[in-house]
Each structure stands twice: as C-alpha cells, then as structure tokens.
Amino acid sequence: MQHEIKTNQQHWNQLVSHHLKSDFYELEAFKNGKNVLREIELEGLGDVKGKKLLHLQCHFGQDTLCWSRMGAECTGLDFSSEAIQAARDLNDELGMNVQFREANVLDEQKDWKEQFDIVFTSYGTIIWLPDLKQWAQNIYNYLKPNGIFYIAEFHPFLNCLDWDNNLNIIYDYFNTGANYENVEGTYAEKDAAVKGEEYFWLHSTEDVLMNLKNAGMELLEFREFPFSPYTCFPNLKEIGENRYVFKDLNVQIPYVFSLKMIKK
C-alpha cells in the first residue's frame, strides 16, 4: 500500500495552505480564543484537565491545541510534513507547549515509549487507512492501563453515498479494497485551485469495534448521531448550531458515530 499512502500524503501536503486560510476552520477566531471542538467530542470526553492526550491524524493541530487550552498535556501526530510544520508554527505563535510528531498512524513508533491517558481522533480519519488491525494495536500500545480511546467519526453508512448525485449508494459498506478518485478543490474550500489523487477505504462499524476489541480494549460507550457537525458535504441545510443534514433527504440517517473504549 506504499503507493496509495504516498499519494495521499502528497495530496494532504497540498491541502494545508488552503485549509489554513479557509472559513471552514475559523482559524482567526480560534487564535482569538474560540474553542472549535464540537459538542459530540466535548461531551464524549468531558474534563481532560491534567490528562496526557495523544491526537492521531491531527492535521495542522487546531483541535489538539483546543484540548491543550482545556488543560490536557497534548501531543499531535500526522503523516503530512506540511501539516505538522503548520501545527508547530501555530503552537509557537500562540505560545503554547503542544508537541507535534510527523508519522504515519499505521507505523509502530518503536522509538517512542510514552503512554497516554487518552488517545483521540476525529472526523475523516479512518477512511485513509487500508487496514485497522495495526491502527488498533498502536492505540492499545499508546494507552496507559485504564486509558481511554475516543473516536468521533463520520458514519460508515454515510460514506457509501454519492453526496453529489441523489445520494445513491455507490460504495460498498464493507472494506473491499482501495477506492480511487481524482479530486479538485477541498471539503474546506470547494473552489480551491488544487487538484490531486486520493485513495480511501471504507470500514464497517464491526471492523472498527472488533479490531479495537481484539487489540485488548473494552467498550464503554457507542453512540450514533443524525447530523453532521460540519458543512463538509454538499447540499446540506442547517438544523441547529453545528448541526447539518442533507436538504433533500426526508428520513433520518446516521451521519456520525462515537466510540469510547478502555484499555484494561
């Protein structure tokens, strides 16, 4: 899978500069103190003060820095060199003390013995991973005994749909291998002057749960939500603060799931 991962890495490196200036990320408001985390993960994790927190696939670190502002001792990890550099620059600009590490979330960090109270990841992360077995094992290894893993993620069912054309089901619910797309723009800036290639993999709820369980974790909480907290899909309407649904869909579907597990 090295070609696919490398292609994705190059594409995400392209996106960083566009995301930093997009309205989607509200970067200036964040710099002025706004907490841009969403209610799902804020309620799901609760008080993080004094906890050591590892944020996987952290992009340019904005959410990681939010957790730090809430009192956690944070480390962010991402495979994009451009994203990690932007995260470090943002950390320095704000005078904060978050550590950012450039690494593929699927690689075992053999030189890294640190363990955490919380491992966190959110929104649009596992779709870039060809297999969740090593991902789950790495999470287990990163956690202290009784440590918590928390994920808020777009629901596997949502990823089956053709968001642009009548919401037809066009992708397998189960992981049947890599999907490939030529893409223009970005979810954060639709008309951005950027073109690229990307590979993605769909993972069922069973795939997520069982890989984490088999790695040695126990389920504490599983939830599903009938809205997206972000406007990253086309043809959405707002139904509440940071709550969006497809405007042409008259039934409720799951847009997001959250999962909390503990290392015993």
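Helices here are DSSP runs of H or I with at least four residues, numbered from the N terminus. The model is predicted.

**Exercise 1. A residue in a helix**

Find the helix that holds Asn91, decide whether Asn91 is buried or exposed, and list which residues Asn91 is in contact with beyond its neighbours within four places in sequence.

Solution.
- Step 1: Asn91 belongs to helix α5.
- Step 2: The relative accessibility of Asn91 is 6%. Buried means under 20%, so Asn91 counts as buried.
- Step 3: With neighbours within four places in sequence left aside, the contacts of Asn91 are Leu65, Met96, Asn97, Val98 and Phe100.

**Exercise 2. Salt bridges**

Count the salt bridges, then work through the pairs formed by Glu26, Glu39 and Lys52, giving the N to O distance and the accessibility of each partner.

Solution.
- Step 1: The rule requires a side-chain nitrogen of Lys or Arg within 4 Å of a carboxyl oxygen of Asp or Glu. By this rule there are seven salt bridges.
- Step 2: Glu26 pairs with Lys34, and their closest N and O atoms are 2.5 Å apart. Glu26 has 26% relative accessibility and counts as partly exposed; Lys34, at 35%, also counts as partly exposed.
- Step 3: Glu39 and Arg243 form a salt bridge at 3.0 Å, N to O. Glu39 lies in helix α3 (residues 39-45) and Arg243 in strand β10 (residues 243-246), so this pair ties together parts that are 204 residues apart in sequence. Glu39 is partly exposed at 29% relative accessibility, and Arg243 is partly exposed at 31%.
- Step 4: Lys52 and Glu114 form a salt bridge at 2.7 Å, N to O. Lys52 sits in strand β1 (residues 52-56) and Glu114 in the loop between β3 (99-102) and β4 (116-122), 62 residues apart, so the pair links distant parts of the chain. Lys52 is buried, with a relative accessible area of 17%, whereas Glu114 is partly exposed at 27%.
- Step 5: Salt bridges with shared partners join Glu28, Lys31 and Glu93 into one network.

**Exercise 3. Nonpolar cores**

State how many residues the largest nonpolar core has, which element gives the most to this core, and which residues Leu158 touches.

Solution.
- Step 1: The largest nonpolar core has 49 residues. Ile40, Leu45, Leu53, Trp67, Leu158 and Phe246 have the most contacts inside this core.
- Step 2: Elements that each supply at least two residues include α2 (27-31), α4 (62-69), β5 (143-154) and β11 (256-263). Helix α5 gives the most, with five residues.
- Step 3: Not counting residues up to four places away in sequence, Leu158 touches Trp163, Phe233, Phe246, Ile253, Pro254 and Tyr255.
- Step 4: A second, separate core has 26 residues, among them Leu106, Phe149, Val208 and Leu212.

**Exercise 4. A helix pair**

Describe how α6 and α7 cross, classify their orientation and handedness, and name the residues that meet.

Solution.
- Step 1: Two packed helices are described by the angle and the distance between their axes. The axes of α6 (residues 133-142) and α7 (residues 205-215) come within 8 Å and cross at roughly 45 degrees.
- Step 2: Angles under 35 degrees count as roughly parallel, and 65 to 115 as roughly perpendicular. The helices α6 and α7 are therefore oblique to each other.
- Step 3: Their crossing is right-handed.
- Step 4: On the α6 side, Lys133, Trp135, Ala136, Gln137, Ile139 and Tyr140 meet Val208, Asn211, Leu212 and Ala215 of α7.

How values were computed:
Residues numbered from 1 in each chain as written. Predicted model: local features only at pLDDT ≥ 70, side-chain atom pairs only at ≥ 80, totals over all residues. Heavy atoms only, no water. Buried < 20%, exposed > 50% of the residue type's maximum accessible area, 1.4 Å probe, protein only. Core = buried A, V, L, I, M, F, W, Y, C linked by side-chain atoms within 4.5 Å. Contact = heavy atoms within 4.5 Å. Axes fitted to C-alpha atoms, helices over the stretch in contact; angles between N-to-C directions. Parallel < 35°, antiparallel > 145°, perpendicular 65-115°, else oblique. Left-handed = near helix turned anticlockwise from the far one by under 90°.
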